[in-house]
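Me: I have a structure open and would like to go through it with you. Could you help me read it?

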Amino acid sequence: MTADIRIGICGTGSFGTARARALAQLENCTVAMGWSRSSATRERFSSELHVPTVDSGSELCTSSEVDAVFVCSPNTEHFAYARTALEAGKHVLVETPLGISYKQARELAQLAAAQDRVLHHGAKHRYHPDHAEHIDRLRRVGRLLFACDHAAFDFGPNRLWYADAQLTGGARTFLPYVMLNWLEAFGEIDRAIGEESARGDWQGATVILHFAAGGHVVLSYAIGLGIPEAPTRQLVGTEGSILALPDAGPIFIQGDSKTELAQRDVDIVACECRAFLDEIRGQRDHRANLDFDLRAWELVDQALNPPSQT
């Protein structure tokens, strides 16, 4: 019989609670402990999920009662808690982003390797059972001419900490997550440039990636309370184009032909939790995905923190 993997949830807000609920449906794992900065959130988590909580995130990350830690706290806290957990010999899943800079992400990856522990970035979309097919669909456009991928996140009145750049790290911290499919589908990048902007509490960041094989993609992400969520994606290549508009699935267009490219509706959070557990058990390799994560953060930093011109 396989021993249960004991999980600690470091950050029991909406994201941490969603992951805890998904874990509760899986075999051979136990949500053993939770923590949140908010005592009210801790109490609600404990009451709803019947899981004990502690008063300190560091206590959870070093507890002998957990084997792995899900870091779901505010973005700027991810690095410190993930590092503490790795140093204590825990496997770690970090809710996106994996730190707030390439330097932080790289340090965590190096520490995980030194400790022989799994470091998993919470990019849920790539654990969809149709993910490989989705990447192949992007490549159906042939040699890429140009593409755009724009998204926004209205965090709502219950997540007002997102309005504080000291806790989120800014809209730039979401770009590595958005970038991953593009790197996987179209390969290495020759050049990355970008800009950041803000209007009141609304924040935005844009990166343009120029692929070594030719073509480019414009990636933008914005966050703000009440900001319009209108995700748009378009690809144009030598063999066709793909268009995805708000409230509509992607369509592959080739001449007069149009084909819907829908994915199956699955519990993607459960898919990722299962993948992380398989990585811990040695049944799945986490390193290839981590390489994409590090490269994505490196490109964001290159684009938004270019060397000063003298």
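Me: Leaving aside neighbours within four places in sequence, which residues is H120 in contact with?
Reply: In this predicted model, H120 is in contact with V92, L93, V94, Y127, E272, F276 and E279, where contact means heavy atoms within 4.5 Å. Residues are numbered from 1 along each chain as its sequence is written, side-chain values use heavy atoms with hydrogens and water left out, and because the model is predicted, local features need pLDDT of at least 70 and side-chain atom pairs count only at pLDDT 80 or more, while totals for chains, interfaces and linings use all residues.

Me: Which side chain does the side chain of H120 make a polar contact with?
Reply: The partner is the side chain of E272, at 2.8 Å; a polar contact is a pair of N or O atoms within 3.5 Å, and within protein one must be able to donate a hydrogen and the other to accept it, with residues adjacent in sequence counting only if both atoms are side-chain atoms.

Me: And is H120 buried or exposed?
Reply: H120 has a relative accessible area of 2%, so it is buried, a word that stands for under 20% relative accessible area with a 1.4 Å probe, protein chains only.

Me: Switching to the whole chain, how much of it is buried?
Reply: Buried residues make up 50% of the 310 residues.
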